[in-house]
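User: Hello! I am new to this structure and would like to get to know it through a few questions. Could you walk me through it?

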Amino acid sequence: MVRNVIVAGKGIAFGKEAGQELPAAEIQRVFRPEQMDQDSKFIGQTFENIDADVLSLTQELVQMVQDKFKNVLFNDSHFLALADHLSYALKRSGSADYPENLRWEVQKTYPQEYELALDSLYLIEKRTGIRLPKSELTFLTYHYVDAQNNSEGTIQSAKLAELTNRAIEIVQYHYQLILDQNSANYVRFVTHLRFFILRQLHQGSEEVPKVDPQLLAIVKENYKKAFQGAQKVGKMLIEIMGCQVSEEELFYLTLHIDRVTRRQ
């Protein structure tokens, strides 16, 4: 019984004619429709919209990532998600770059994956002649992080990045402003946020210094808006993580929020 399969590999079809046998050594990935479960039926449809050159380029990117992270293996869904995104990005390459406020935090949270995303943009331009906008760095980084989601440490890093970004969005919305990501105060604020959130993830393992109740009362009164912002961040963590955020935590977070917004 003859069954159709889809294969991918660098330059695998170069110089070949229809019906010609492909050397097994050149095949880097095989997609077998009969192995796809109900949730993966989109794979066949996805191939219809992706050029063969894009698939070959995707395989190069995947190989680059797997060479860097020896324990990473892109499954079919990860591979096609990246190929589909790359195909769309190349098609809209003439569009202007758009604001993307998470790039700094993504770079700090996933430095190795971000460096690979940078290398990917260079490789993409070298292979296609198309220079993709810098906003693609974040998306490529997340694709590479997602392919590693088998490790507990990576899952925690992803959770930390998600909660940090949510906290930043809450503060920006609360003050109706966009924080300057290039400022030293922003760096200090994000650093404090990350350790603050990590303490909630591992509640009880580390306690912040106690604060005099009178000092806490003064801060609540004199920094009302910042304290309200800290309360909103605390409420978000309580709802998502079910943790308890102490008044000492809110006290220090209030001071950081006030500094990063006051000097904006």
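**Helices and their contacts**

Analyst: Gladly! Helix 3 and helix 6 are roughly antiparallel to each other. Please keep in mind that this is a predicted model.

User: At what angle do helix 3 and helix 6 pack?

Analyst: Helix 3 covers residues 76-91 and helix 6 covers residues 136-146. Their axes are 10 Å apart. Angles over 145 degrees count as roughly antiparallel, and the packing angle here is about 170 degrees.

User: Which class of residue has six members in the contact of helix 3 with helix 6?

Analyst: Helix 3 brings H78, A81, L82, H85 and A89 to the contact, while helix 6 brings E136, F139, L140, H143, Y144 and D146. Two of these residues are charged and three are polar. The class with six members is nonpolar.

User: Is E136 buried or exposed, and which side chain does it join in a polar contact of 2.6 Å?

Analyst: E136 lies in helix 6. Buried means under 20% relative accessible area, so E136, at 2%, counts as buried. The 2.6 Å polar contact joins its side chain to that of H85.

User: How far apart in space are V187 and V260?

Analyst: V187 has its place in helix 8, which spans residues 184-201. V187 is partly exposed, with a relative accessible area of 33%. V187 and V260 are 73 residues apart in sequence, and from C-alpha to C-alpha their distance in space is 9.2 Å.

Conventions
Residues numbered from 1 in each chain as written. Predicted model: local features only at pLDDT ≥ 70, side-chain atom pairs only at ≥ 80, totals over all residues. Heavy atoms only, no water. Helix = DSSP H or I, 4+ residues; strand = E, 2+ residues; numbered from the N terminus. Expected span 1.5 Å × (residues − 1). Axes fitted to C-alpha atoms, helices over the stretch in contact; angles between N-to-C directions. Parallel < 35°, antiparallel > 145°, perpendicular 65-115°, else oblique. Contact = heavy atoms within 4.5 Å. Nonpolar A, V, L, I, M, F, W, Y, C, P; charged D, E, K, R; others polar. Buried < 20%, exposed > 50% of the residue type's maximum accessible area, 1.4 Å probe, protein only. Polar contact = N/O pair within 3.5 Å; in protein donor to acceptor, adjacent residues only side chain to side chain.
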